[in-house]
Amino acid sequence: MYRSKLLLRLHDKAVYYFENGNTEEGEKLFKELIDRTSRQGNEATQAALWQELALLIPPRDSSGITRLYCFEKMVFLYKKAGIEAMEIESLKSIADLNMVQGRLDLAEKQLLNVLHRYKSIGYPKLFYVYDLLAVTNRYKGDFSKGIFYSLKAIESMEAAKDFSPAVVFYSRLANMYRELGQTEKSVEWYRKVFEKREYTETVNLYMFRDAGFLARGLIKLKKEKEALAFILDISAKNKPNGVHAQASLLASLAYCYKVINQEQRANNYYAKLVKLTGRLGEDNEVNTDVHYELGQYFMEKHQFRNALFFLQKALNAPAGTNSIADTKEIYLMLFKSDSALGNYRSATQYLLKHMALKDSIFSETKSRQIEELQVRYEIAERKKDIELLNNKNQQAHRIKNIALAGAALLLIIVLLLLNSFHAKQRSNRRYEAHQKEVDQKNIFLEKLTAKQEKLLKEKEWLIDEVHHRVKNNLQLVTSLLNTQTVYLKDQSAVSAVKDSLRRVQTMSIIHQKLYEDHNSSTIAMQDYIKDLVNYLQESLDTDMQISFKQNIEPIYLDVSQAVPLGLIINESVVNAMKYGFPKRQEAIIRISLTRDGVDYMVLGIQDNGIGLPAGFELKKHQSQGLNLVQGLSKQLKGEFSIENNNGVRIKVRFIALNN
């Protein structure tokens with residue numbers, strides 16, 4: 001009894017550590033708990049503890065105790081205990097984990113082994129394995145296999161009369177038809193999803209995601225009003241739970257209102273969606289949906305840089321998140337965005353990647369296999385209906401009914417095969433026309449790219465020469481000012497000349513960077529501010545140890561903004577180093593340059609010195625350095641502020657031109 005209570009307390013403490021983010025201590029306690037239960041005949045209890053630990057560990061963790069390690073322990077323990085069904089279930093968990101982490105070929109091989117072993121022991125619920133095989137092949141881009149296993153999962157579920165996973169299975173099949181461009185089929189299966197769905201889910205992001213896909217399918221079928229009415233009805237019945245569900249609903253409403261030309265409402269929803277993107281976590285398909293939707297929206301608004309920003313986010317989702325079909329469409333949108341911006345080289349690369357994925361998905365053989373699978377499924381469904389009808393008829397009419405059903409079935413097969421043949425012919429004609437158009441575009445792009453490269457090389461040479469001459473002229477001014485200080489006796493005059501020297505050098509560093517990087521107009525602010533601070537430390541003759549803390553995001557700014565920003569940093573840092581630390585103390589100056597939303601940047605400079613004098617008012621205080629900083633802030637069209645905050649704190653908020 002005492003031992004059971006001790007183990008229970010140990011278990012509760014381990015779970016508590018996980019729930020409060022202390023994973024390392026939680027893992028140690030779980031390991032201790034498992035070791036304490038380690039004895040002959042107790043393998044099933046140990047395996048259950050390993051399973052609980054696995055579910056507490058994030059699926060993508062690769063350090064410490066991982067999910068894979070826990071599942072492998074479960075396989076070993078269940079095999080030792082002779083519990084074959086649970087051993088196979090643990091192997092299925094390993095395959096599922098490999099699929100999530102993007103090891104798709106390995107996952108498929110493991111799932112086929114699990115399927116074989118389940119069949120050998122007569123396990124009834126094979127539909128979960130078929131479903132995982134369907135998902136694996138969908139992410140591989142093999143839709144013929146994906147649809148085959150998806151239909152097998154549904155058939156197996158119906159045979160077992162266990163409809164608990166029906167919503168998930170129907171949604172998977174609808175998604176594959178949507179990605180193949182078979183809109184009518186996808187709408188048909190999405191409707192089944194919402195016929196089966198009970199609106200009681202605690203986590204309802206996939207309900208709103210499926211609702212959005214159904215609405216977009218209806219719009220493709222020219223049923224715009226029905227699509228909007230459906231989304232409004234869903235949102236009226238259900239409150240989105242969590243940011244991903246909210247994002248899916250906002251994206252659907254924005255899209256529906258855009259299609260029916262209610263632009264103001266659509267723009268309002270898109271603005272809300274942009275704000276919400278900062279709160280979306282990673283490793284979720286909704287992130288890709290939302291970023292792709294915003295990329296399309298900004299493309300239509302001709303805001304191509306914003307479009308590229310969100311499309312790149314969609315493309316850079318973690319491994320195992322995006323299907324090949326999603327990636328194919330993202331490449332196409334990136335091609336259009338880069339083409340609009342004149343980035344023809346990268347645009348060409350995106351187009352080639354799009355075409356390669358499209359060819360891998362929509363080959364003639366795969367299309368024929370998919371059509372055959374659908375025919376087989378429809379035949380099987382009709383066969384079930386016929387059998388049900390025959391059971392209700394009298395014994396005397398059974399032979400007649402079977403003959404009629406066989407004739408009807410044969411007619412359906414003939415009609416489906418004829419339809420398939422005509423569809424294939426239409427598809428071939430469309431493909432040939434499209435291929436010809438693509439070839440013409442490729443030739444045009446090659447010529448345009450060659451001409452563009454020649455012009456770019458000439459432009460780069462001229463700009464390099466300009467920056468080189470500006471840099472040399474600034475260095476000449478620096479040399480003249482240095483020479484002038486030798487002949488000056490008045491220390492205030494010498495100080496003023498040195499201040500000017502630092503300002504000139506601040507601008508000179510920019511042109512040096514542009515010349516070295518062969519960059520025409522933008523400055524990498526991380527490197528520039530680091531070099532500027534090093535120069536200021538060397539140029540000021542002070543024996544005080546001053547520590548600089550820098551928090552500079554990887555930001556590129558236009559030269560017209562980098563110059564005034566550099567001068568503001570120069571004036572602020574020099575002023576702090578000269579006057580901020582009259583007493584011996586641990587001197588620290590912090591410099592930060594960060595993004596504030598999509599459009600704004602914020603420059604912050606703070607020291608831990610003596611601060612501003614008592615009663616300081618910005619409007620009344622006049623000095624050359626302060627006036628210069630205020631003037632430079634106006635040049636940036638920014639907001640300038642200075643205040644006491646355990647020292648002096650300067651803040652400049654402005655809009656970045658390259659956004």
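## Salt bridges, a helix and an open sheet

His511 is buried (under 20% relative accessible area, where over 50% is exposed and anything in between is partly exposed, with a 1.4 Å probe and protein chains only), its relative accessible area being 13%. The place of His511 is in helix H21, residues 491–517; helices here are DSSP runs of H or I with at least four residues, strands are runs of E with at least two, and both are numbered from the N terminus. The C-alpha atom of His511 is separated by 9.7 Å from that of Ser521, 10 residues apart along the chain.

A word on the model, which is predicted: local features need pLDDT of at least 70 and side-chain atom pairs count only at pLDDT 80 or more, while totals for chains, interfaces and linings use all residues. Residues are numbered from 1 along each chain as its sequence is written, and side-chain values use heavy atoms, with hydrogens and water left out.

Now to the charged side chains. The structure holds 25 salt bridges, a salt bridge being a side-chain nitrogen of Lys or Arg within 4 Å of a carboxyl oxygen of Asp or Glu.

Lys140 in helix H7 (residues 127–140) and Glu108 in helix H6 (residues 104–120) link distant parts of the chain, 32 residues apart.

Glu188 and Lys185 both lie in helix H10 (residues 183–196), three residues apart, about one turn of the helix. An α-helix has 3.6 residues a turn, so residues three or four places apart point the same way.

Helix H6 deserves a look of its own. Its 17 residues reach 24 Å from first C-alpha to last, close to the 24 Å expected at 1.5 Å a residue; that expected span is 1.5 Å times one less than the number of residues. Which elements do the buried residues of H6 pack against? They pack against helix H5 (84–100), H7 and helix H8 (143–160), with contact meaning heavy atoms within 4.5 Å. Among these buried residues are Leu104, Leu111, Val114 and Tyr118, along with Glu108. After H6 comes Gly122, whose phi is positive, near 70 degrees.

Finally, the sheet. Five strands form an open sheet with mixed pairing, in the order S2-S4-S5-S7-S6; two strands pair if DSSP finds at least two bridges between them. Strand S2 (546–552) and strand S6 (639–644) stand at the edges, each with a single partner strand, so one side of each is left without a neighbour in the sheet. From one strand to the next, the twist averages 10 degrees. S6 pairs with strand S7 (residues 648–655) in the antiparallel sense over six bridges.

Helix H24 (residues 624–635) packs on the sheet, touching S6 and S7, and its direction makes about 140 degrees with that of S6. Axes are lines fitted to C-alpha atoms, for helices over the stretch in contact, and angles run from 0 to 180 degrees between N-to-C directions.
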